[in-house]
Amino acid sequence: MTISKPKITEKWQKKNKYGRPGTPLDYTKVAIHYTGEADVKGSATVNYFNNVVANGCIVNGKYVYASAHFVIDLDGTIYQLIPIDERCYCTNSANAYAIGVEVATTGKDNHYTDATYKAMVHLCAWLCDRKGLNPKKDIIRHTDVVGRAYKLCPIYMVLNPKKYEQFRLDCYNLKAGKIKVSDIINCTNGKGKVTVVPTAATAKTKCVRILKDVNIHNKADFEKESVIGKVTAGGAYTVVETIKRSGTDMYKLKSGVYITASPKYVEVFEK
Ligand SMILES: [Zn+2]
């Protein structure tokens with residue numbers, strides 16, 4: 001185990017046939033969901049599962065069967081409703097092998113608050129860690145199981161696949177001990193500059209050779225204000241970090257400055 005268990009608030013659901021049947025589960029996937037409507041508190045979702053659905057709730061003439069192992073709130077609180085060795089009713093056919101994590105969202109596009117995002121990465125990485133799962137493939141979306149025609153869930157992660165990959169990478173990096181919980185940056189809030197971790201000490205060192213003169217910046221942007229000089233063609237430098245940007249990515253060099261990652265100007269090599 002490399003990750004500390006996140007703080008979890010237990011809200012155990014009573015055993016009942018609508019949400020907690022007591023069927024054993026030995027999970028191999030972690031499925032993420034959204035609670036369906038932005039800016040609704042996760043505590044309301046917990047209340048709905050535990051105090052409405054669990055008591056037998058009829059909608060359109062049918063009983064609702066629904067639950068989740070975990071619900072993450074807008075303030076980052078992680079609620080647990082069902083033990084991880086029992087099935088929940090969250091992810092359709094994947095209920096037989098997946099943990100279900102419902103996550104509260106915010107804004108028109110149903111993105112995540114900083115606190116929610118951090119808690120989601122921490123919880124999912126920890127759930128993968130304790131079973132030796134690979135976050136890059138074993139964290140899944142509800143839509144991956146049921147298809148787009150059935151449901152876009154979690155809608156932000158389905159409509160923003162790059163952010164979803166970044167989320168899984170953040171989980172991977174946390175699980176691998178490459179970043180700490182305090183390093184997690186919310187990539188879904190529109191301000192997210194995203195950190196990709198420096199190469200491990202055992203790996204080869206990533207370098208760039210400058211093909212054409214380029215500006216160096218004291219920040220990871222291409223604004224005039226951040227230009228602090230130039231590096232000239234032919235020079236070679238060690239890259240310590242790749243900064244993923246919405247436009248052209250940038251490299252942070254060992255000296256602490258930033259340059260373009262555009263292959264028109266720089267060429268990557270390893271040594
Ligand atoms: Zn879902």
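These are my notebook entries on a predicted model of a single chain.

**Ground rules**

Since this is a prediction, I take local features only at pLDDT of at least 70 and side-chain atom pairs only at pLDDT 80 or more, while totals for chains, interfaces and linings use all residues. I number residues from 1 along each chain as its sequence is written, and side-chain values use heavy atoms, with hydrogens and water left out.

**Overall look**

I looked up the secondary structure and got 6 helices and 16 strands. Both are DSSP runs numbered from the N terminus: helices are H or I with at least four residues, strands are E with at least two. The C-alpha trace spans about 70 × 40 × 30 Å along its principal axes.

I then checked burial: 47% of the 271 residues count as buried. Here buried is under 20% relative accessible area, exposed is over 50%, and partly exposed is in between (1.4 Å probe, protein chains only). The accessible surface is about 13400 Å², and carbon and sulfur atoms own 50% of that; the areas are Shrake-Rupley values with a 1.4 Å probe, and for residues only the protein chains shown count as cover.

Next came contacts, meaning heavy atoms within 4.5 Å. Of those with a separation of 6 or more, 69% are between residues 24 or more positions apart.

**Rings**

How many aromatic pairs does the structure hold? I find 6 aromatic pairs. Rings of Phe, Tyr and Trp (its six-membered ring) pair if their centres lie within 6.5 Å; planes under 30 degrees apart are stacked, over 60 edge-to-face, and the rest tilted.

One of them is Tyr 48 with Phe 49, a tilted pair at 5.8 Å centre to centre and 45° between the planes. Tyr 48 is partly exposed at 34% relative accessibility, whereas Phe 49 is buried at 6%.

Tyr 65 and Tyr 89 make an edge-to-face pair, with centres 6.1 Å apart and planes at 70°. Tyr 65 sits in the loop between strand 4 (62-63) and strand 5 (70-72) and Tyr 89 in the loop between strand 6 (78-80) and strand 7 (98-103), so this pair ties together parts 24 residues apart in sequence. Tyr 65 is partly exposed at 44%, and Tyr 89 is partly exposed at 28%.

Lys 136 has its charged end over Tyr 172, 3.9 Å from the ring centre. Arg 209 lies over the face of Phe 269 at 4.2 Å.

**Glu 86**

Is Glu 86 buried or exposed? Glu 86 counts as buried, at 8% relative accessibility, and its place is in the loop between strand 6 and strand 7. Leaving out residues up to four places away in sequence, Glu 86 touches Lys 15, Arg 20, Gly 22, Thr 23, Pro 24, Leu 25 and His 69.

Most residues other than glycine have a negative phi, and most peptide bonds are trans. I noted a cis peptide bond between Cys 153 and Pro 154, with omega about -10°. Pro 154 is in the loop between helix 4 (142-146) and helix 5 (155-159).

Asn 60 has a positive phi of about 50° and is exposed at 79%. Asn 110 has a positive phi of about 60° but is buried at 12%, in the loop between strand 7 and helix 2 (114-129).

Methods: A charge sits over a ring if NZ of Lys or CZ of Arg is within 6 Å of the ring centre and within 35 degrees of the ring normal.
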